Amino acid sequence: MSTTTATAPSVQRTAVQKKTDPARARRRRRLSQWGFIAPAVVFMLLFFGYPLVRNVVMSFQDFSPSTFFDGKSPFNGTDNWSKVFHDDLFGKALWHTIVFTIGSLIGQFGIGLALAVFFTKRFPLNGFLRSLILLPWLVPMVVSGIVWRRILDQDTGVLNSFAETIGLGGATPWLTSPGMALFSVVMVNIWIGIPFNMVILYGGLQEIPKELYEASSLDGASAWRTFRSITLPLLKPVITVVLVLGFMSTVKILDLILALTDGGPADATQTLGTLTYQNSFVQLDFGAGAVVGNVLILISAVFAVFYLRANRSEGK
Amino acid sequence: MPRPRRGRRGRSTTAALTACSALVAGAALTGCGAGRDPGVFTVLNSSTDASYHGWDAATLKRCSTKLGLTIEQQSVPAAQVMQKSLRMASSKSLPDVIQFDASETPTFAEAGGLVDLRSLGLSTKDIPKGIVDFGSYKGTYYGAARTVNTLALFYNKDILKKAGLEVPTTWDEMRETSKKLTQGSQYGIALSAGGAEDGVFQFAPFMWSNGGDETNLAGPKVAAALDYWKGLIKDGSLSRSTVNWTQADVNDQFMAGNAAMMINGPWQVETLNTKKNLHWGIARIPVPSSGEKSVGPLGGAVLTVPKTGDTGRQKTAAKIIRCMSSEREQITYARNSWMVPANEKAAATWRKEVPELDALADQVATARSRTAKVGARWSSVSLALQSAFQSALTGQSSEAALKKAQTRATSGN
């Protein structure tokens, strides 16, 4: 746009030079453009950039409660890092985070996609059922956690007494056995994540031209073939977005686990998120907390790059 | 498309937007450095429950009138008092009085954030030594308690009477009684072995009464206490869900009739009394063998004066604490919250008023502070211990779990 103004006929320019000097106009326009961006830039630098850099610096510092009084936080090299990496709990938490994230994503995405495809069919009560499935999304994470903790209680929980009634045997130690707790937590998180996956994928499915399906049915393609050759490829950009966003919100899980198990029993559900919380706010060892936080940021950053890549290729 | 008056408009939007971003930045920067109002004093506490907030508001109102000041209450959830105080310390906006959970005082004191209350003229006359120690760190008295609490054995009078059983006083009796009371969906006993401070608080009386110690978690006395808990689960008298229960969950189980007895604290009484047909009694926590001392953990909050750098205000803060922890206010607070007054004389008066809580007052007399021995390291010890008893209750051997906990607690993690 600016190029057209710059190459305006010189006759005209001399005539109105005093009023609209193109160089000045351009500067002014650039200034106003920056003016629009400035609030966002200031905001980002202040609320994202600063904490991010601070967190990285903090992981190399001895940052304890007394730092808040004397402002002294001496650099201690890689002490915090080696301390965290030598802690058994870190390895455990990293492993749990991987299992939790992958398990949740597979479950949420699989069920979400199945439901999205299901709801593209026309049938009575379609809209009503669809909005019913949205409910878990409306419930705050902590509330879901508390409710599910009651449902999954070994003795008085609804789930076990239901299983017993239908003859599946009761007394499953959902949250009370270290071998089972992580699985249960993943299950609850899948329940929470289904609506998000379903809604976005459903939206994506609506965008696929109906003619393609008509054509494929004329060609005599099977349902599976249609799904594989039409639905999946055309849904790909949406799938990337859903998976990356799902990943980012799952990998840093904290509130759900605190409400369900508090990281227990016997650290069976500690994740990098709960470990950061525990280091920083229970033990008040902010340096160690920052280390775990940085690891989380690093993991998320890798996936953020994927996300940007996917978006860019979509733009082309 | 025509663009009338583009230049002028451009400039004014630029100006507006620049001003706007300056405002955003400004608001973010000035938000922290608010000055103190000379006539208004603030007390930071964790009284976020409506009832506690109300009781404190009434106390502060009486003290405001008495001292001729305006005292304001600022309440944040218990888990955030420390974080908030630290943040306020770095922005030099500390309140005049902070009410810490006593297990947190050492951390704040060690960081150099508290003023010696004796130097501000507060006396510890008539306060039992255990409770003075409770508010002290390395021999300096930093925190004045209004009331204290501990754990006790709560029992359902009707169930015990129907079964013709006495309230147990020793571990063996408790195990037998629990076994007999376990039938159908009713467990003999409920307690919290949850993965947070709740569980550690509940384990303390078993560990301490048995002669175990938090400085040596790998010792045989601690393992024996843990084995006792394991025994209760093995008998089926204690639900396996105990590892996922908070103290409030335990209370729910007891109220619902799913447990005949429970280990819990007086802060549950308000809720217990809402169920009119529940007849509960209270006893000291059973000891390993008869004649031994039942040692419970001392719980509760203490009032502290943080170092604000303004000695005049610190002196006034001490006066506020003196008023809040006066005998009369202690009794009022104890009557409301069912906790035991810290002052001996106040406690004696209170005992006459609520004889049904006598067992609790006895238990308080022998109770011990969690941080007395390990100080600011308590949070590390506590985390290691939680992990250990949860491992043991879900299958590992007590010795192995505790040995690992001891390594973890001393690695300074």
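Visitor: In chain B, what share of the contacts between residues at least 6 apart in sequence joins residues at least 24 apart?
Guide: That share is 74% in chain B, where contact means heavy atoms within 4.5 Å. This is a predicted model, in which local features need pLDDT of at least 70 and side-chain atom pairs count only at pLDDT 80 or more, while totals for chains, interfaces and linings use all residues. Residues are numbered from 1 along each chain as its sequence is written, chains are lettered from A and ligands numbered from 1 in the order in which they are written, and side-chain values use heavy atoms, with hydrogens and water left out.

Visitor: How many helices and strands does chain B have?
Guide: Chain B has 18 helices and 13 strands, taken as DSSP runs numbered from the N terminus, with helices being H or I of at least four residues and strands being E of at least two. Along the principal axes, the C-alpha atoms of chain B fill a box of roughly 90 × 60 × 45 Å.

Visitor: And what percentage of chain B is buried?
Guide: Of its 413 residues, 55% count as buried, that is, under 20% relative accessible area, with exposed being over 50% and partly exposed in between, for a 1.4 Å probe and protein chains only.

Visitor: Let's turn to the sheets; what is the strand order in the one with five strands?
Guide: The order is β2-β1-β3-β12-β6 in chain B, an open sheet with mixed pairing, where two strands pair if DSSP finds at least two bridges between them. β2 (70-75) and β6 of chain B stand at the edges with a single partner strand each, so one side of each has no neighbour in the sheet. From one strand to the next, the twist averages 25 degrees, with axes being lines fitted to C-alpha atoms, for helices over the stretch in contact, and angles running from 0 to 180 degrees between N-to-C directions.

Visitor: What packs on that sheet?
Guide: Helix α12(B) does, touching β1 (40-45), β2, β3, β6 and β12 of chain B, and its direction makes about 60 degrees with that of β1(B).

Visitor: Which strands does β12 of chain B pair with, and in what sense?
Guide: Strand β3 (residues 97-101) of chain B is joined to β12 (residues 301-304) by four bridges and runs antiparallel to it, with B:Q99 opposite B:L303. Strand β6 (residues 143-145) of chain B also pairs with β12(B) in the antiparallel sense, over three bridges; there B:A144 stands opposite B:L303, and B:A145 stands opposite B:V302.

Visitor: Back to α12 of chain B: at what angle does it cross α2?
Guide: The axes of α2 (residues 50-67) and α12 (residues 311-324) of chain B come within 10 Å and cross at roughly 125 degrees. The two are therefore oblique to each other, given that angles under 35 degrees count as roughly parallel, over 145 as roughly antiparallel, 65 to 115 as roughly perpendicular and the rest as oblique.

Visitor: How are α11 and α13 of chain A placed?
Guide: Helix α11 (residues 178-207) and helix α13 (residues 223-251) of chain A have axes that come within 10 Å and cross at roughly 150 degrees, which makes α11(A) roughly antiparallel to α13(A). This crossing is right-handed, and the residues of the contact divide into nine nonpolar, six polar and no charged.

Visitor: One last thing: is A:S280 buried or exposed?
Guide: A:S280, which is found in helix α15 (residues 272-282) of chain A, counts as buried because its relative accessibility is 8%. Leaving aside neighbours within four places in sequence, A:S280 is in contact with A:D285, A:F286, A:G289 and A:A290.

Conventions:
Left-handed = near helix turned anticlockwise from the far one by under 90°. Nonpolar A, V, L, I, M, F, W, Y, C, P; charged D, E, K, R; others polar.
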